[in-house]
Amino acid sequence: MRTFHEGDIRKRTLVVSFFLTAWFAVLLVRLVELQVVDHAGLKARALKQSQAKITVRARRGDILDRNGTVLASSLPVYTVKLSPVEKETPAQETGKVRRLQAVLGLSEKNVADVLKSLKENDSFTFVKKQVSPELAARVRDLRLPGVGFDEESRRYYPHGSLAAHVLGGVNADESVQAGVESRYNDVLKGTDGQRITLKDNKKRNYQDQVTKPPVPGRDIVLTIHATIQYIAERALARAVEEHSATSGTVIVLDPATGDILALANYPDYDVNDYTESKSAWLDRAIGYTYEPGSTFKIVAASAALEKGLVGYNELFDCSAGFIKVGPLIISDHERMGVLTFARVLIDSSNVGTVKFAARLAAADFYAMIRRFGFGGKTGIDLPAEEAGRIRPVAQWNKVVSQPHIAIGYEVGVTPLQILRAMNVFAAGGRLVRPRVVRKSTNFHGSPVQGPPPDETVLAEGLAAELTSRVFEKVVEDGTAKLGRLDEFWMAGKTGTAQRLDPVLKAYTTKSHTASFVGFVPSRRPVLSLIVVLDDPKEGFYYGGQVCAPIFRDIARQVLRYLGVAPERAPAGGVITADLQKKGTP
Amino acid sequence: MIRRKWSPREIALGAAFLAALVGLLTFYVWYQTEAVHLGIDTGQREAEIKALHDDILKLELKKTALLTPGRVEKIARADLGLVDPKTGEIIYKDKTVSR
């Protein structure tokens, strides 16, 4: 039997100790390498694997109409992306992408692009953007390695094309382009936040920490009334179709406050497909100028009356049917005989207007044009407003310009400018500032600065007198007879302007801009309204023939909708709730 | 070299220490695992809550889209056969105007 001596034990102990020490030394070196030499890189790698810094998109504020109906809101959507997975074979990658194709409906080109990106070992590639939450959940359920999601949001307009030009629209990434979306972007957009997510080895989130909370955008309440907007859009679309016009505009205004109740343009577009509708983007109500024709006569008439240069019953000989002004011949649409000043406006005689406007000093006429707000922006809270074109007196042709401007030529105005000018008579001589946003607050919660106070253009008495002696009669038995309402007194002015032929560089009798602007009821105005149609055909092109009936139809429906009791008893009589109660046994 | 014999008291103390150490480690591991599971559960619940909020928002927008004036008018006229009232058929509540 072999016995172990102390020496043997010591030797073996030394051998074991040596190997253990060597093993520990190797471990120590590796430990130092990991913890000291490669520390920074490895820590970053570990954090990348277990942590994710995620931007939390702030929810864009909603846009509501004046009664709280949602006109624009944002819904969450996802971008599906794919990253290469280590040791995955090309066959596995193809199989994975085909499974994504089946769920997401990718085209063959998309599939080829994604596979190409994986082959080139890009850090990630977008598979599909703007994916609905339901579809994203289906993709998530596939539990495919390397598939990730970015949360975004998509602007959604539940009413489609309703109030398209007021809302404007946004691109796919919610970058703003036009309308209220653009003008009030700072209020709507909010501030993005950030969160850190900790993940386990299966990439499941087990801890979320919001490091910077997102600040959602604020909601905006418009002055627009969705139903009135719909009534205006429907009437405009029908009229454009009926008269084969190229385009048109309707604006409905609250005379006292300047609130825009409806702003409709044709052609319009579905705001959900904003980027696809470039040809219809132009907001003609504020971004398009035209020569207004006879609606502009309200300026010359106001100036002449204010200066005391003319009386309502003063007579003007318009029997020739035309008047020669330098090289120009200005004519009426028919011979009208001898007319009073009031009748000149009621029947819209160009000859009579040229005659009374000749009494005005050019400087006074120009001052009145500017007082009515022409040649400057109205200040409406929408982007891309045109100021129009009013040349200073020094640039006027000494013979031709004043008579020409008096009948609405040689000037460029927007439909909103004309409506605002006519509204002076509805608002007791005040020039209101139109607005489309009723209520909004900035990030600090304080209201966005309101408009400056209204300016006074005319004395209240003069405005009322012109309304009752001229503008009401334009509708009762003047050029806008077709626009008469049985139930209400209306006031307004028609306009028919020949358009400039861009090739001939001369006015043509084949193309016109027809318009009618007014307010109703004329003695306690509830609505101011303008209708403009470009190049109406089918035999009718006068503002009184084409636009006044559209005005009437819109006004009738809106007044009924608002429950405004008739001023004049129609054939069927008027029933009020009181009468009905009394009459019921 | 003769190994000293452990006393029963020392063996008991050692065993107790070892048991306490194992217990502590087990608790630590259990605690960590449980915390991660709870975190995962919380994350899932939060995702569900967010999904439900999104659903509510989506349904509200769907409701708004269904009540769009054009659609309502189409149903009223085409499906229900409603027509505009004649002037004498309208009952006015009062003379005040509300917008």
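What is the mean pLDDT of chain B, and what percentage of its residues reach 70 or more? The mean pLDDT of chain B is 88, and 92% of its residues reach 70 or more, where pLDDT is the predictor's confidence in each residue, on a scale from 0 to 100. This is a predicted model, in which local features need pLDDT of at least 70 and side-chain atom pairs count only at pLDDT 80 or more, while totals for chains, interfaces and linings use all residues. Residues are numbered from 1 along each chain as its sequence is written, and chains are lettered from A and ligands numbered from 1 in the order in which they are written.

## Confidence

Within chain B, confidence is lowest in strand β1 (residues 91-92), with a mean of 80, and highest in helix α2 (residues 69-79), with 95. Helices (DSSP runs of H or I with at least four residues) and strands (runs of E with at least two) are numbered from the N terminus. Chain A has a mean pLDDT of 89, and 93% of its residues reach 70 or more. Over residues 581-585 of chain A, however, pLDDT stays under 50, and the model has zero contacts beyond four places in sequence for this stretch; two residues are in contact if their C-beta atoms, placed from the backbone, lie within 7 Å. The model as a whole scores ipTM 0.76 and pTM 0.84.

## A sheet in chain A and the helices on it

Five strands of chain A form an open sheet in the order β12-β11-β22-β21-β20, with antiparallel pairing; two strands pair if DSSP finds at least two bridges between them. The edge strands are β12 (260-266) and β20 (491-501) of chain A, each of which pairs on one side only. From one strand to the next, the twist averages 10°. Inside this order, strand β11 (residues 247-253) of chain A and strand β22 (residues 527-534) of chain A pair in the antiparallel sense over seven bridges, and A:Ile251 has A:Ile530 as its bridge partner in β22(A).

Helix α9 (residues 226-242) of chain A packs on the sheet, where it touches β11, β12 and β22 of chain A, and its direction makes about 25° with that of β12(A). Helix α17 (residues 460-477) of chain A also packs on the sheet, touching β20 and β21 (506-520) of chain A, and its direction makes about 65° with that of β20(A).

## Helix pairs in chain A

Axes are lines fitted to C-alpha atoms, for helices over the stretch in contact, and angles run from 0 to 180 degrees between N-to-C directions.

| Helix pair | Angle | Axis distance |
|---|---|---|
| α3(A) and α5(A) | about 155° | 10 Å |
| α9(A) and α19(A) | roughly 160° | within 10 Å |
| α11(A) and α14(A) | about 120° | 9 Å |

How are the helices α9(A) and α19(A) directed relative to each other? The axes of α9(A) and helix α19 (residues 548-562) of chain A cross at roughly 160°, and these two helices are therefore roughly antiparallel to each other. Angles under 35 degrees count as roughly parallel, over 145 as roughly antiparallel, 65 to 115 as roughly perpendicular and the rest as oblique. The crossing of α9(A) and α19(A) is right-handed; a crossing has this hand if the near helix is turned clockwise from the far one by less than a right angle, and is left-handed if anticlockwise. Among the residues that meet here are A:Ile231 and A:Ala235 in α9(A) and A:Ile554 and A:Val558 in α19(A). By class, this contact has nine nonpolar, two polar and one charged residues, where Ala, Val, Leu, Ile, Met, Phe, Trp, Tyr, Cys and Pro count as nonpolar, Asp, Glu, Lys and Arg as charged, and the others, Gly among them, as polar.

Helix α11 (residues 297-306) of chain A and helix α14 (residues 362-371) of chain A pack at about 120°, which makes α11(A) oblique to α14(A). Their crossing is right-handed, and the residues that meet include A:Ala303 in α11(A) and A:Phe365 in α14(A).

## Backbone details in the loops

The peptide bond from A:Tyr266 to A:Pro267 is cis, with omega near 5°, and A:Pro267 lies in the loop between β12 and α10 (284-287) of chain A. A cis peptide bond also joins A:Val520 and A:Pro521, with omega about -20°, and A:Pro521 has its place in the loop between β21 and β22 of chain A.
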